Amino acid sequence: MKNNLYLTLSLNKYLYGINTVYVEEVFNLPELTTISEVPHGIIGFVNLRGKILPVIDLNLKLGYLSPDYRLTDSIVVLKCEDFQLGMIVNQIHEIRELSFEKVSTELNSPRLLVEQQANINIIAGIVNFPDDIFILNEPKQWLEDSEIKQVLSLSKYLQKENYDNYNVDETQTHDSESLLLQKSTFYPNATLEARKVLKQRADHLRLPTKNQDFQSFKTLAVITLNDHFFGIDLEMVREFVEIHQVTPIPCCPAHIIGNMNLRGEILTVVDLRGLLLNLPPQGVVVGSKAIVIEVEGIVAGVIVGEIYDVMFSLNLQKVMAIPKTINTINEQYCQGATLYNEKTMHILDIPKIFLQGGLIVDEVI
């Protein structure tokens, strides 16, 4: 049976999965504009490159108390047919490949609240992997048809009124629609500094399409090796896996750890520490993770320390030369550097690593 890819994420300490077919992009939580009367669960709106995006908090739809929002929260932009919706999440995890056979439609987990109707509309099933992963339905099922029409109507009104010209935290009443608009009230505990960050994020997202060259943006997976951040072009990432039962390959370089059976496919596991950091490979330990990368027909599992982000949007115009003060990084296999969480992140030249870095073993064992 065909497998599907699911983006896994944390929401109110629980783990959820959403089919990647619905995922368009991910960005940090910005300032939102709230309206006095909206469908239950909708917490605000944001101008995303000239289009008004409604944002939902599934905690409210599922009957949980909404947790305090944080600057580290993210918005996942989802699209189902012609309906676009932002979902606030606490943390983004890896992309997992799951088959329909593993999804149980019996919603009998003790973690689910009694409100089964909301569960049925929002949650399609549960996967034990090994903790419960609640598989989310398509976004259009989270709201009633009348609620979707209301959200679309409000979005069109906000776009028409160009609400971004309003001052932050000023209440505006519009007699034509009797709408009450207010910014930042979705995050009442935000400090003054946090509000500034939220506004800066919203200002950046609001930049119209005509002012942006989208060919200059690239989506990266962000990993760590020995406390160094590295970015990998997501187009070359097939999936994220846990490493188990690796069989060593005789007469291979030290960075080639061995072979692993990945659902019937023999996957070669490699450690890039020696290649990139001039450090000895650390091998496989309990809980080791790998990113499965494919370049020009070459597939390998690359050992990583941690997976920090799976959909980091990089503006290529912000890529800079590798700082000369960093001597441990092998610049030969990097395309440049950028800032990630206020730290330097190196962007890996994956084609060069795979095709010229000695990862191919010609000998037949």
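I began with a definition: buried means under 20% relative accessible area, exposed over 50%, and partly exposed in between, with a 1.4 Å probe and protein chains only. I noted that the model is predicted, so local features need pLDDT of at least 70, side-chain atom pairs count only at pLDDT 80 or more, and totals for chains, interfaces and linings use all residues. Residues are numbered from 1 along each chain as its sequence is written, and side-chain values use heavy atoms, without hydrogens and water.

**Entry: Ser-10.** I found Ser-10 in strand 1 (residues 3–11). Strands (E, at least two residues) and helices (H or I, at least four) are DSSP runs, numbered from the N terminus. Ser-10 counts as buried because its relative accessibility is 15%. Which residues does Ser-10 contact, leaving aside neighbours within four places in sequence? I listed Leu-15, Val-89, Asn-90, Gln-91 and His-93. Contact means heavy atoms within 4.5 Å.

**Entry: aromatic pairs.** I searched the whole structure and got six aromatic pairs. In Phe-312 and Tyr-340, the ring centres are 5.2 Å apart and the planes stand at 85 degrees, so this pair is edge-to-face. Phe-312 is in strand 21 (residues 306–315) and Tyr-340 in strand 22 (residues 334–340), so the pair ties together parts 28 residues apart in sequence. Rings of Phe, Tyr and Trp (its six-membered ring) pair if their centres lie within 6.5 Å; planes under 30 degrees apart are stacked, over 60 edge-to-face, the rest tilted. Phe-312 is buried at 17%, and Tyr-340 is buried at 6%.

**Entry: Tyr-64.** I saw Tyr-14, Tyr-16, Tyr-64 and Phe-134 form one aromatic cluster. Tyr-64 is buried, at 11% relative accessibility.
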